[in-house]
Amino acid sequence: MCVVSDRNESIIKSVSMVFPNVPHFACIWHIWKNVCTKYRRSKAVLSDIFYSMAKAYRKDEVDKLMAKVERIDQRVAQYLKNAGYEKWSRVHATVNRGRMMTSNIAECINGCLVEARELPIIDFLEQTRMLFGSWNCKNREIASYTKHTLGRKFEDILVSNTIKCSRMKVVASSEYLYSVYELGIRYIMCLERKICTCGRFQLDEIPCPHAIAVLKSKNITDLHPYCSDYYKPEALANTYELPMVPMPDKKDWTAPKEILEEIVLPPIYKRMPGRPKKGRKKFANEKITSSTNSCGRCGHEGHNRKTCNFIPK
């Protein structure tokens, strides 16, 4: 289990109190947007490299890609190092993040609750419960109709990996340990521990091309037992097993006497002059302050757009 967020200070504090032993990771999309805001000159060149680093399966792949980033823009490389590899790189994470690299789920829920956030707290909670209840009911119905051994997305991954393993050479070392040769590169695969030196088997928890090549050499055609149980219909059905119980009408509530006698005052709030800001307030670690101005065209410091020589006018 892990938590993925945009590194907002309030979220980090709350998660540390409620889930003290659960690791907290950063959303790679928010990390990259912060890089694009500060280092605009390099964002077009480094975008694919950054996402490849974040989703890499081996640490040596991350090191090679980071060397490219340093050659292009050392400031971006230093920013990513200061953020911490374990926060945004899947292979450096302390637990298996799987495919949960962004906070898109939370952002989608926020988008559906834009109007509800303007309501009082009790009405907001009721709107949230109704939204989650309808989603839960709909997804539970869909899950009951799912007859595939794996989800469609993961079945496609298995088919793709099966195609890639057609020209690999397998050499057995023991009952469970094998050497797999692909384009002159040797990979070590262990069926018992379900790991491969390519890194895909243990992180994706789906047989990689090298594992499928080994299974084919053993005349094993059913690959589903080697896949994670989280990808199977039983796990999908269990996700939506518990219903969201509706709340009774307010006149039917039974509240303890001490709760009814308690007086809750609104928080002391002083409205500041000007229009309220709707933009996300960034955490201190996300912002990099600078005492000098930066060029609006190339992102470098010490000059402006009129005197910029990096990009032809």
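Two strands are said to pair if DSSP finds at least two bridges between them. In this predicted model, 4 strands form an open sheet in the order 3-4-5-6, with antiparallel pairing. The edge strands are strand 3 and strand 6 (195–196), each of which pairs on one side only. The surface carries a positive patch that includes Arg305 and a nonpolar patch that includes Met247.

**Strands 3 and 4**

- Strand 3 covers residues 169–172 and strand 4 covers residues 177–182; the two are antiparallel and share 4 bridges.
- Lys169 has Tyr181 of strand 4 as its bridge partner.

**Strands 4 and 5**

- Strand 5 spans residues 185–190 and pairs with strand 4 in the antiparallel sense over 6 bridges.
- Tyr181, the bridge partner of Lys169, also stands opposite Arg186 in strand 5.
- Val180 has Tyr187 of strand 5 as its bridge partner.
- The hairpin formed by strand 4 and strand 5 has 2 residues between the strands, and Leu183 in the turn has a positive phi of about 55°.

**Strands 5 and 6**

- Strand 5 and strand 6 run antiparallel and are joined by 2 bridges.
- Opposite Cys190 stands Ile195 in strand 6.
- These strands also form a hairpin, with 4 residues between them; Lys194 in the turn has a positive phi of about 60°.

**Background on sheets**

- Strands of a sheet pair through backbone hydrogen bonds, in either a parallel or an antiparallel sense.
- In a regular strand, side chains alternate between the two faces of the sheet.

**Positive surface patch**

- Arg305 lies in the segment after helix 13 (257–261).
- Arg305 has a relative accessible area of 47% and is therefore partly exposed, since patch residues need over 30% relative accessible area and the exposed class begins over 50%.

**Nonpolar surface patch**

- Ile121, Ile122, Leu125, Met247 and Trp253 make up a nonpolar surface patch, with about 520 Å² of accessible area together.
- Met247 is located in the loop between helix 12 (233–239) and helix 13.
- The relative accessibility of Met247 is 45%, so this residue counts as partly exposed.

Conventions. Residues are numbered from 1 along each chain as its sequence is written. This is a predicted model: local features need pLDDT of at least 70, side-chain atom pairs count only at pLDDT 80 or more; totals for chains, interfaces and linings use all residues. Side-chain values use heavy atoms; hydrogens and water are left out. Patches are made of residues with over 30% relative accessible area and no salt bridge: like charges are joined within 9 Å, nonpolar side chains (Val, Leu, Ile, Met, Phe, Trp, Tyr) within 5 Å. Accessible areas come from the Shrake-Rupley method with a 1.4 Å probe; for residues, only the protein chains shown count as cover. A salt bridge is a side-chain nitrogen of Lys or Arg within 4 Å of a carboxyl oxygen of Asp or Glu. Lys and Arg count as positive and Asp and Glu as negative; His and the chain ends are not counted. The place of a charge is taken as NZ of Lys, CZ of Arg, CG of Asp or CD of Glu. Buried means under 20% relative accessible area, exposed over 50%, partly exposed in between (1.4 Å probe, protein chains only).
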